[in-house]
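Subject: Structure for your review

Dear colleague,

Please find below the structure that I am handing over to you. My notes on what was found in it follow directly after.

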Amino acid sequence: MATKAKPKMKLKKGDHVQVIQGKDIGKRGEVAHVFPERNKVIVESSEGGGINVAKKHQKPTRATMQGGIQDKTMPIHVSNLMLVCGKDGPVKVGYRIDPNGEKHRVCRKCGAEL
Ligand SMILES: [Zn+2]
């Protein structure tokens, strides 16, 4: 059985990640949504404030009579993120196949399951 093919999506909902590129570099958060077909995820910051937030200008509506700026959390590409191991911090992800043939994500440093 060939196992060389890379998994399509490394991250899943609830993962703890750190931003390693871009304007939010160093921020940590939790994956709130995944978009596997685009390799993007939405990350909610654990320190408050969103990650990869875009300011969205809104036109005044008849109902409110005023416009404004709204924060909108945008999906971030998985290559800008690293999975966080509870022991080591941001780490590279490895894979281990157990005797049942099931694949487990592991920390490449300490080997802990992630
Ligand atoms: Zn580790």
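Asparagine 39 is located in the loop between β2 and β3; here strands (E, at least two residues) and helices (H or I, at least four) are DSSP runs, numbered from the N terminus. Asparagine 39 has a positive phi of about 60° although it is not a glycine. With a relative accessibility of 26%, asparagine 39 counts as partly exposed; buried means under 20% relative accessible area, exposed over 50%, and partly exposed in between, with a 1.4 Å probe and protein chains only. A positive phi, near 60°, is also found at asparagine 52, which belongs to the loop between β3 and β4 (53-58).

Two remarks on the source are needed. This is a predicted model, in which local features need pLDDT of at least 70 and side-chain atom pairs count only at pLDDT 80 or more, while totals for chains, interfaces and linings use all residues. Residues are numbered from 1 along each chain as its sequence is written, and side-chain values use heavy atoms, with hydrogens and water left out.

The sheet

An open sheet is formed by six strands in the order β6-β3-β2-β1-β7-β8, with antiparallel pairing; two strands pair if DSSP finds at least two bridges between them. β6 (76-77) and β8 (89-91) stand at the edges with a single partner strand each, so one side of each is left without a neighbour in the sheet.

Strand β7 (residues 81-85) is joined to β8 by three bridges, and the two run antiparallel. Within this pair, leucine 83 stands opposite valine 91, and cysteine 85 stands opposite glycine 89. β7 is mostly covered, with four of its five residues buried.

The core

In soluble globular proteins, nonpolar side chains tend to be buried together. Leaving aside neighbours within four places in sequence, valine 17 is in contact (heavy atoms within 4.5 Å) with residues including Leu11, Val31, Val43, Leu81 and Leu83.

Individual residues

Is aspartate 24 buried or exposed? Aspartate 24 counts as buried, at 9% relative accessibility, and its place is the loop between β1 (16-19) and β2 (28-35). Not counting residues up to four places away in sequence, aspartate 24 touches Val19, Ile51, Asn52 and Val53.

Lysine 12, in the segment before β1, is partly exposed, with a relative accessible area of 44%. Its contacts, not counting residues up to four places away in sequence, are Val31, Val34, Arg105 and Leu114.

Two charges sit over rings (NZ of Lys or CZ of Arg within 6 Å of the ring centre and within 35 degrees of the ring normal): arginine 38 lies over the face of phenylalanine 35, at 5.0 Å from the ring centre, and lysine 103 lies over the face of tyrosine 95, at 5.3 Å.

Yours sincerely
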